[in-house]
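Good morning, everyone, and thank you for making time for this.

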Amino acid sequence: MVGEFPELQGIIGRYYALSDGEPALVAAAIEQHYRPRFAGDALPENKVALAVALADKLETLAGMFGIGQQPTGDKDPFALRRHALGVIRIMVEREVTATLRDLVNEAFSVFPPGKVGNAHTDLEMFVFERLRSYLRDAGYSANEIESVLCLHPTRLDQVPRQLAAVRTFASLPEAASLAAANKRVANILKQAESKGESFTNATVHEMKEPAERELFNAIQEVSRKATPLFKAGDYTGYLKAFAVLKSPVDAFFESVMVMVEDQAVRKNRLALLKDLRDEMNRVADISMLAS
């Protein structure tokens, strides 16, 4: 039947399944597991269909990547880009809580070990590239997308919420200053690390200037309020909480020299900046928003 009428793929399977006495849920899954078949197509509607659709697409991707048959240029004879976009749409729009890495590992687990090289990583990168295109089509800017994806989020279902938080934060009057400060912090830490500098959490007893103590206390206070918001998935509230750091951050850079000769003081100030970066950038890398 499908050989003569390929457009009936899945549809006729559903009828056959019902005719054979299969449960309605199974029959529906037989039809829906091919979804989405094209851009804008409907997604699987029940959990069985959703699970089979993900398994089908991910196994195809893992198998083809495992034998080195990734798409190249405009050539994609096995429609792997469409498969990857289907995985993304299902995970994001159906809010699948499993991580992409876990699903990729499961997909590869059905193949002989030791035959795939870096295929796991290559497949994850391939999916993330398709995710960038999907998010651009959804109306997000390149900077907004990179601010989230550069953190390599494990759960794709959380990405739209992270992007919504980034967009709300970017509209705040403090956002431009804090984004610029984050970019400056990132550059300072990168240069220090390239010179072999090591630094851990900042401590108050090494702080010589009022501005660094004020920044330290402000970070601690905001973190206490913001961490529960992050754990609850309130990413917008989390980022908005850090808007109050504009004044202490500006004061720090106006009056404190980070790379001083005193090694203990320098390490502590670098650690303070690392604390600032780590706390502010759990949802997205705010420095990516700097113009």
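Let me begin with a term: a crossing of two helices is called left-handed if the near helix is turned anticlockwise from the far one by less than a right angle, and right-handed if it is turned clockwise. Please also keep in mind that what you see is a predicted model.

With that term in hand, look at helix 9, which covers residues 175-194, and helix 12, which covers residues 246-255; their crossing is left-handed. Two packed helices are described by the angle between their axes and the distance between the axes. For helix 9 and helix 12 the angle is about 45 degrees and the axes are 10 Å apart, which makes helix 9 oblique to helix 12. On the side of helix 9, the contact is made by Ser 177, Leu 178, Ala 181, Arg 184, Val 185 and Ile 188, and on the side of helix 12 by Lys 246, Val 249, Asp 250 and Phe 253. Sorted by class, this contact between helix 9 and helix 12 has 6 nonpolar, 1 polar and 3 charged residues.

Now let us turn to another pair, helix 10 (residues 210-231) and helix 13 (residues 263-280), whose axes come within 11 Å and cross at roughly 25 degrees. Helix 10 is therefore roughly parallel to helix 13, and helix 10 passes helix 13 in a left-handed crossing. Helix 10 contributes Glu 212, Leu 215, Phe 216, Ile 219, Ser 223 and Thr 227 to the contact, while helix 13 contributes Arg 269, Leu 272, Leu 276 and Glu 279. By class, the contact of helix 10 with helix 13 has 5 nonpolar, 2 polar and 3 charged residues.

Which residues have the most contacts inside the largest nonpolar core? They are Leu 54, Leu 123, Leu 135 and Leu 245, in a core of 78 residues. If we leave aside neighbours within four places in sequence, Leu 245 is in contact with Leu 178, Ala 218, Ile 219, Val 222, Leu 276 and Met 280.

Finally, consider Val 104, which lies in helix 5, residues 100-108. Is Val 104 buried or exposed? Val 104 is buried, because its relative accessible area is 0% and buried means under 20%. Again leaving aside neighbours within four places in sequence, Val 104 is in contact with His 120, Leu 123 and Glu 124. Val 104 and Thr 121 are 17 residues apart in sequence, and in space they are 9.2 Å apart, C-alpha to C-alpha.

Methods
Residues are numbered from 1 along each chain as its sequence is written. This is a predicted model: local features need pLDDT of at least 70, side-chain atom pairs count only at pLDDT 80 or more; totals for chains, interfaces and linings use all residues. Side-chain values use heavy atoms; hydrogens and water are left out. Axes are lines fitted to C-alpha atoms, for helices over the stretch in contact, and angles run from 0 to 180 degrees between N-to-C directions. Helices (H or I, at least four residues) and strands (E, at least two) are DSSP runs, numbered from the N terminus. Angles under 35 degrees count as roughly parallel, over 145 as roughly antiparallel, 65 to 115 as roughly perpendicular and the rest as oblique. Contact means heavy atoms within 4.5 Å. Ala, Val, Leu, Ile, Met, Phe, Trp, Tyr, Cys and Pro count as nonpolar, Asp, Glu, Lys and Arg as charged, and the others, Gly among them, as polar. A nonpolar core is a set of buried Ala, Val, Leu, Ile, Met, Phe, Trp, Tyr and Cys residues joined through side-chain atoms within 4.5 Å. Buried means under 20% relative accessible area, exposed over 50%, partly exposed in between (1.4 Å probe, protein chains only).
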